[in-house]
Structure formats: C-alpha cells, structure tokens
Amino acid sequence: MLKLEIFHKNIESTADSGRKVSRGFCPKCGSQLFAKLEMLPDIIGLALVL
C-alpha cells in the first residue's frame, strides 16, 4: 500500500448526475493533483505528468 501525504486545497462540486466530485489542487501553483468521486469512494485518481 502506498501512503502519500500532500498539502492541497480541496474543491467539491456536484456532477450532472447529482453525485459529489472532489478535486485536490496544489495551493502554490494551482495544478490539479487528484480527483475523488462519490460513486467510487475507495479510488483516488492521481494526475500524472510524464
């Protein structure tokens, strides 16, 4: 299991389906770091730059 600690600003919105979408952003540069969907509570989508 991977444990990652980051400082982020969280923004929550409601999708067209009515479910919550939570997005985490870097507080310094504003880049999106991850997204979390209410319908998939055990999964976090990470934003990766290759």
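This section describes the fold, strand pairing and surface of a predicted model. Residues are numbered from 1 along each chain as its sequence is written. Local features need pLDDT of at least 70, side-chain atom pairs count only at pLDDT 80 or more, totals for chains, interfaces and linings use all residues, and side-chain values use heavy atoms, with hydrogens and water left out.

Confidence was examined by chain and by element. The chain has a mean pLDDT (the predictor's confidence in each residue, from 0 to 100) of 86. A value of 70 or more is reached by 90% of its residues. Strand E2 (residues 20-25) has the highest confidence, at a mean of 93. Strand E4 (residues 44-46) has the lowest, at 90.

The chain contains four strands and zero helices. Helices (H or I, at least four residues) and strands (E, at least two) are DSSP runs, numbered from the N terminus. The elements follow the order β-β-β-β from the N terminus on. The C-alpha trace spans about 30 × 25 × 20 Å along its principal axes.

The four strands form an open sheet in the order E1-E2-E3-E4, with antiparallel pairing. Two strands pair if DSSP finds at least two bridges between them. Strands E1 (9-14) and E4 are the edges, and each pairs on one side only. Neighbouring strands are turned by 20° against each other on average, direction ignored. Axes here are lines fitted to C-alpha atoms, for helices over the stretch in contact, and angles run from 0 to 180 degrees between N-to-C directions.

E1 and E2 are joined by six bridges. Asn10 has Gly24 in E2 as its bridge partner. The hairpin of E1 and E2 has five residues between the strands, and Gly18 takes a positive phi near 95°. Five bridges join E2 to E3. Val21 is partnered by Leu37 in E3. Six residues lie between E2 and E3 in their hairpin, where Gly30 in the turn has a positive phi of about 85°. E3 and E4 are joined by three bridges. Ala35 has Gly45 in E4 as its partner.

Of the 50 residues of the chain, 10% count as buried. Buried means under 20% relative accessible area, exposed over 50%, partly exposed in between (1.4 Å probe, protein chains only). Leu37 belongs to strand E3 (residues 32-37). Leu37 counts as partly exposed because its relative accessibility is 35%. Leu37 also contributes, with Met39, Leu40 and Ile43, to a nonpolar surface patch of about 360 Å². Patches are made of residues with over 30% relative accessible area and no salt bridge, like charges being joined within 9 Å and nonpolar side chains (Val, Leu, Ile, Met, Phe, Trp, Tyr) within 5 Å. A salt bridge is a side-chain nitrogen of Lys or Arg within 4 Å of a carboxyl oxygen of Asp or Glu.

Conventions. Accessible areas come from the Shrake-Rupley method with a 1.4 Å probe; for residues, only the protein chains shown count as cover.
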